[in-house]
Amino acid sequence: MHFTDLGLRAEILRAVTDQGYDTPTPIQAQAIPLVLAGRDLMAAAQTGTGKTAGFTLPILQLLSTRPAASRVKPRVLILTPTRELAAQVEQSVRTYGKHLSLKSMAVFGGVSIGPQQKALKSGVDILVATPGRLLDHLGQRNVDLSGVEIFILDEADRMLDMGFMPDIRKVIALIPKQKQSLLFSATFPDEIRALAASLLRDPQTVEVARRNATADLVTQAVYHVDKARKRDLLMKLIEDHSWHQVLVFTRTKHGANALSEKLDKAGISSAAIHGNKSQGARTRALADFKSLKLNVLVATDIAARGLDIDQLPHVVNYELPNVPEDYVHRIGRTGRAGSSGEAISLVCVDEHSLLRDIERLLKQDIEKRQMPGFEPDPSIHAEPIENGRNKGRQGKPGGQRSGNRSSQGPGKPVRSSRGPAAQRNTTTQHFGSRAR
Ligand code: AMP
């Protein structure tokens with residue numbers, strides 16, 4: 001199958017060719033014809049599968065061939081959970097739409113609202129937004145959603161994790177009932193199924209193999225090491241292998257800052273990226289990391305969600321995530337779109353049960369490696385994990401998930417996270433590789 005078989009117009013095909021793509025990915029091959037046919041879609045796919053082009057290419061085609069009812073109101077609304085993903089999706093819209101004359105923009109928190117307000121008022125065809133900032137704009141009547149023809153909810157499960165469901169429902173209430181809706185999610189917990197049932201009309205289901213089923217491009221390995229020695233081991237790995245671009249995950253924002261500072265002091269250029277950083281600092285850190293000015297980017301799960309860095313060679317789990325699915329999301333940052341990558345996890349005795357949960361989800365044992373001189377001390381016993389799943393600092397059941405509304409802007413309330421039942425539900429979710 002080639003892109004030319006999908007019925008896309010020449011201007012769009014030209015943009016695709018400019019990007020160097022010739023073959024649609026499985027999600028694109030399945031989704032594009034359905035979206036072009038005007039169908040609602042429930043798509044099981046996560047970042048790294050080419051899903052962004054999977055929805056962007058057909059919506060560009062639909063918009064460019066239909067007359068616009070208004071020159072100001074958005075005709076397409078794309079909601080994403082994070083600022084980075086909003087920016088990336090909008091960049092994709094620009095990239096694939098560069099030979100068309102449709103206007104797009106992204107609105108998200110953490111940056112001043114004024115310029116966004118002005119741009120919205122001057123008119124936009126395709127609006128990409130995070131829910132919180134979009135509601136702010138709606139509250140100020142900066143934008144009118146009554147002209148939305150196509151609504152896309154990207155990474156719906158992550159929206160749920162971040163407590164955005166009430167905001168999403170508010171937004172949906174302001175969009176016309178008559179519309180085409182596309183819902184993308186990596187997993188389908190009950191809440192997402194319920195949302196899909198109320199939003200989608202006679203939806204087509206599209207599924208592609210999950211990252212954990214296709215992760216053969218990513219070499220995974222675990223180093224067992226004491227917590228106090230992790231930093232030295234990380235520095236040794238970076239130096240021994242001359243790693244020049246490493247995305248490192250920590251569980252907490254504070255941990256990300258502390259590690260990044262220590263690496264920097266040791267001469268390994270590094271920055272931290274998380275929800276407490278200003279949007280400017282986040283954008284700058286990402287740009288410097290992409291251009292190899294920084295060797296290491298230390299990130300929390302939410303900040304890294306949706307980051308698309310071409311051919312990222314190394315991901316390090318400095319700490320394992322509390323939720324096994326986050327491991328899959330993390331290692332999905334490498335080995336993307338056909339390139340190979342390596343995901344290394346530094347695991348201390350406290351994290352053994354998290355590792356077991358991950359291996360259970362992956363249905364495979366991860367290769368164990370040992371670095372001479374870094375053997376764990378057998379006299380050290382497991383302790384509860386700070387911000388861990390079972391031992392939250394506030395003593396709440398479920399602990400403190402890494403995702404919360406605070407990553408959308410300062411001063412916003414932290415919403416409750418998904419309950420344990422939903423988490424269990426997602427760990428047993430499996431997808432086949434065929435469209436149904
Ligand atoms: P996504 O899952 O949308 O985040 O896309 C993952 C990566 O795959 C991005 O870097 C895209 O530029 C790239 N990509 C998307 N479609 C294709 C394709 N058909 N061929 C090769 N690369 C692609």
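Leaving aside its neighbours within four places in sequence, which residues is Val-76 in contact with? Here are some notes to go with the model.

1. **Ground rules.** This is a predicted model, in which local features need pLDDT of at least 70 and side-chain atom pairs count only at pLDDT 80 or more, while totals for chains, interfaces and linings use all residues. Numbering starts from 1 along each chain as its sequence is written, and side-chain values use heavy atoms, with hydrogens and water left out.

2. **Val-76 and its surroundings.** To take up the opening question: beyond four places in sequence, Val-76 is in contact with Ile-59, Leu-63, Asp-125, Ile-126, Leu-127, Ile-150 and Ile-152. Contact here means heavy atoms within 4.5 Å.

3. **The nonpolar cores.** A nonpolar core is a set of buried Ala, Val, Leu, Ile, Met, Phe, Trp, Tyr and Cys residues joined through side-chain atoms within 4.5 Å. Buried stands for under 20% relative accessible area, exposed for over 50%, and partly exposed for what falls in between (1.4 Å probe, protein chains only). The largest core has 39 residues, and Val-76 is one of those with the most contacts inside it, a group including Phe-3, Leu-8, Leu-41, Leu-57, Ile-78 and Ile-152. Helix 3 (residues 51–65) gives the largest share of this core, seven residues. Apart from it lies another core, of 36 residues, among them Met-105, Leu-153, Ile-175 and Leu-200. Helices (H or I, at least four residues) and strands (E, at least two) are DSSP runs, numbered from the N terminus.

4. Seven strands form an open sheet in the order 10-11-9-12-13-8-14, with parallel pairing. Two strands pair if DSSP finds at least two bridges between them. At the edges are strand 10 (270–273) and strand 14 (367–369), each of which pairs on one side only. On average, neighbouring strands of this sheet are turned by 25° against each other, direction ignored. Strand 8 (residues 218–224) and strand 13 (residues 341–347) pair in the parallel sense over seven bridges, and Gln-220 stands opposite Ala-343 in strand 13.

5. **Helices on the sheet.** Helix 11 (residues 230–240) packs on the sheet and touches strand 8, strand 9 (246–249), strand 11 (296–299), strand 12 (314–317) and strand 13; its direction makes about 155° with that of strand 13. Helix 16 (residues 352–362) also packs on the sheet, touching strand 8, strand 13 and strand 14, and its direction makes about 160° with that of strand 8. For these angles, axes are lines fitted to C-alpha atoms, for helices over the stretch in contact, and values run from 0 to 180 degrees between N-to-C directions.

6. The structure holds 24 salt bridges, each being a side-chain nitrogen of Lys or Arg within 4 Å of a carboxyl oxygen of Asp or Glu. Asp-326 forms one with Arg-158, the closest N and O atoms being 2.5 Å apart. Asp-326 lies in helix 15 (residues 324–331) and Arg-158 in helix 7 (residues 156–161), so the pair ties together parts that are 168 residues apart in sequence. Both Asp-326 and Arg-158 are buried. Arg-330 forms a salt bridge with Asp-301, with 2.7 Å between the closest N and O atoms. This pair links helix 15, which holds Arg-330, to helix 14 (residues 301–304), which holds Asp-301, 29 residues apart. Arg-330 counts as buried because its relative accessible area is 1%, and Asp-301 is buried at 7%.

7. What forms a salt bridge with Lys-73? The partner is Asp-144, and the closest N and O atoms are 3.8 Å apart. Lys-73 sits in the loop between helix 3 and strand 2 (76–79), and Asp-144 in the loop between helix 6 (131–139) and strand 5 (150–153), 71 residues apart. Lys-73 is partly exposed at 30% relative accessibility, as is Asp-144 at 36%.

8. **Glu-90.** Is Glu-90 buried or exposed? Glu-90, in helix 4 (residues 83–96), counts as buried because its relative accessibility is 8%. Leaving aside neighbours within four places in sequence, Glu-90 is in contact with Ser-104, Met-105, Ala-106 and Val-128.
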